[in-house]
Structure formats: structure tokens, C-alpha cells
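I opened the model to look up a few things and wrote down what I found. The entries follow in the order I made them.

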Amino acid sequence: MKKIILLLIILLGISSPAYCIAPDDYCPKAPYDISRGFSSFLSSATGVNFLTTQIAENGLEKLLKKELNNNFKVKIETFGGNNLLNGKFKKLTATGKALQHSGMHISSVKAETMCEFNHIKYENNELYFVENMVINYQGKITQDDLKKVITSNEYTNMVNKLAIGTNGILLARIINMDIKIENNKIVMSYDVLVPMLIGSLPKHISFSTGLDVEDGKINFEGIDFGNPNTNKIMKSTLPLINKLNPLSYKVKTTPKNNAIVDVKTVKIINNEIIVDDL
């Protein structure tokens with residue numbers, strides 16, 4: 001999940017202090033520091049507002065394309081006048097489809113600011129947020145996305161590290177991994193091969209699971225191996241199995257971006273994973 005969050009943070013400004021929490025607690029309070037009167041009327045009447053907004057939207061779309069190599073559509077609602085030129089705006093919405101970043105794949109994402117007033121500054125190639133920015137995210141992940149994740153180099157390397165014991169000895173290999181979404185459950189299967197046991201056949205493992213959020217982390221929930229006895233036998237291995245979860249990335253904030261990002265809800269609806277209120 002960490003890679004999804006990083007993808008979404010980049011969406012509205014790399015290393016930005018964005019707060020994905022209750023808007024009423026962190027949004028700026030009225031009255032807002034915006035210009036009004038004749039200059040705002042003149043800008044609107046002459047079309048300057050429209051032109052400035054178009055330039056800003058196109059600039060952000062190009063920035064996102066450069067940073068993520070993905071196409072986004074950006075929409076900005078302004079106060080008019082020189083406010084946007086001064087980094088002040090009502091709302092920013094960014095949407096993207098078929099996104100890919102650091103081995104993570106996501107079919108669609110929408111991010112939008114939730115406060116009525118937002119103020120940013122761009123100085124010395126750095127983006128600063130003068131006021132708290134509250135952002136709401138929603139992302140959709142499909143079965144095809146998950147299949148791409150488990151075949152990525154990043155995920156493959158992570159799985160290979162799990163199979164290595166002390167002194168770099170290969171204790172087991174996880175091969176023939178597959179993942180599906182059926183009946184609003186994730187169905188995962190793989191074979192476990194123990195190289196030290198010469199002549200041994202791979203052990204096939206298959207289970208279905210839901211998803212849950214705990215301490216900002218998406219975990220497998222209600223893992224079912226299809227047999228009560230097998231469920232009891234495999235219970236001790238659940239922490240290891242959860243490490244195979246392609247969505248199990250703990251979000252960690254850093255002093256540099258000072259972001260408060262928290263996964264609140266994740267649901268599987270119509271065999272699609274919906275991550276909401278990030």
C-alpha cells in the first residue's frame with residue numbers, strides 16, 4: 001500500500017504537507033486572504049481568469065506526466081483576479097487512469113482538495129503549502145492490476161527475500177504464483193518448493209481472503225484455505241502469508257514531506273478493490 005500512497009502524494013505535489021483527515025479540523029478559517037473587487041471583475045471580463053487557469057492546469061498535467069509517466073486530467077476552481085497567480089485557489093481535482101509507479105498498478109485514481117481555500121507557493125524549485133491542504137483520495141484496483149503487481153520486479157524481489165534464511169541459505173522457493181478476485185474475495189495460489197529436500201515435490205497452497213485496515217495498513221482478513229483442519233494447521237503461518245499481500249504496505253511519513261496519510265477504508269465491490277478516504 002505504501003507505493004499507492006506515494007503515488008497519490010506525488011499526484012498533488014511531491015513532498016507536500018498534505019493532510020488526509022477531517023477537513024473541519026485542519027482547513028483554513030474564513031475570512032480568506034483573497035483579492036476582490038475591480039481587479040477580479042476585470043480579469044473575468046477580459047478572459048484572463050480562463051487563460052490563467054488553462055495554463056495552470058496544463059502545467060500540472062505536464063508535471064505529473066514527467067514525474068509518473070502517466071496521463072492525468074487536472075481541474076482547478078479559482079477565485080478570479082490575481083489569486084491563482086499568487087497560488088490561491090478554491091479546489092483542485094486530479095484524475096488518472098491505468099497508472100503505474102514503482103511496481104504498483106492502479107486502474108484509476110481521483111484526488112481532490114476538500115477545503116474552500118488553498119494557498120501554495122513555489123519558490124527555488126520547491127513547493128510550499130502556506131495553509132493546510134486536506135485531500136480526499138479514491139482509487140480502484142482490478143484483478144489485472146494485481147496480476148501485474150505480483151509479476152513486477154519489486155514484488156518478485158520481495159518474495160525472494162522471504163525465502164532466504166540465515167547465512168543467505170535458500171530455505172524455500174515460492175513459484176507459480178497467481179492471484180484473482182472472485183465473489184468479492186482475493187484468491188491467491190502458489191507452490192512452495194524446498195530445495196534442501198532433494199526430490200521433494202512442490203506443495204500447492206491456495207486460499208481466499210477479504211481485506212481489512214489496521215493501523216493504516218491493508219491486511220488480508222478472514223483467510224480461508226477451504227478446509228477447517230487446514231485453517232488450524234496454517235494459522236501459525238498467517239503473518240508470513242500476509243507478507244505476500246501485494247497491498248500490504250505500511251505508510252510511513254517522513255520529516256521532509258510532513259504528510260499525514262491514513263488508509264481508512266478498503267472494500268471489494270463488484271470484484272474491484274476500492275481504496276477510499278486516504
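**Entry 1**

The model is a predicted one: local features need pLDDT of at least 70 and side-chain atom pairs count only at pLDDT 80 or more, while totals for chains, interfaces and linings use all residues. Residues are numbered from 1 along each chain as its sequence is written, and side-chain values use heavy atoms, with hydrogens and water left out.

I noted that β2 and β4 pair in the antiparallel sense over 6 bridges; two strands pair if DSSP finds at least two bridges between them. Strands (E, at least two residues) and helices (H or I, at least four) are DSSP runs, numbered from the N terminus.

I followed strand β4 (residues 91-101) to β5, to which 8 bridges join it in an antiparallel run. In this pair, threonine 93 has glutamate 112 of β5 as its bridge partner. The two strands form a hairpin with 2 residues between them, and serine 102 in the turn has a positive phi of about 50°.

I checked burial in strand β5 (residues 104-113): 8 of its 10 residues are buried, so the strand is largely enclosed by the rest of the structure. β5 also pairs with strand β8 (residues 133-141), antiparallel, over 6 bridges. There I found threonine 113 opposite isoleucine 135.

**Entry 1: the open sheet**

I traced an open sheet of 4 strands in the order β9-β10-β11-β12, with antiparallel pairing. β9 (173-182) and β12 (217-224) stand at the edges, each with a single partner strand, so one side of each is left without a neighbour in the sheet. The twist averages 35° from one strand to the next.

I counted the links from β10 to strand β11 (residues 203-214): 7 bridges, antiparallel. Tyrosine 190 stands opposite isoleucine 205 in β11.

I then found helix α5 (residues 143-150) lying across β9 and β10, at about 170° to β9. Axes are lines fitted to C-alpha atoms, for helices over the stretch in contact, and angles run from 0 to 180 degrees between N-to-C directions. Contact means heavy atoms within 4.5 Å.

**Entry 2: glutamate 272**

I placed glutamate 272 in strand β14 (residues 272-276). Is this residue buried, partly exposed or exposed? Glutamate 272 is partly exposed, with a relative accessible area of 25%.

Leaving out residues up to four places away in sequence, I listed what glutamate 272 touches: Lys140, Ile141, Thr142 and Lys267. I also noted that glutamate 272 and isoleucine 181 are 91 residues apart in sequence and 7.5 Å apart in space, C-alpha to C-alpha.

**Entry 3: the whole chain**

I recorded 8 helices and 14 strands for the chain. Of its 278 residues, 43% count as buried. Among contacts between residues at least 6 apart in sequence, 57% join residues at least 24 apart.

Terms used: Buried < 20%, exposed > 50% of the residue type's maximum accessible area, 1.4 Å probe, protein only.
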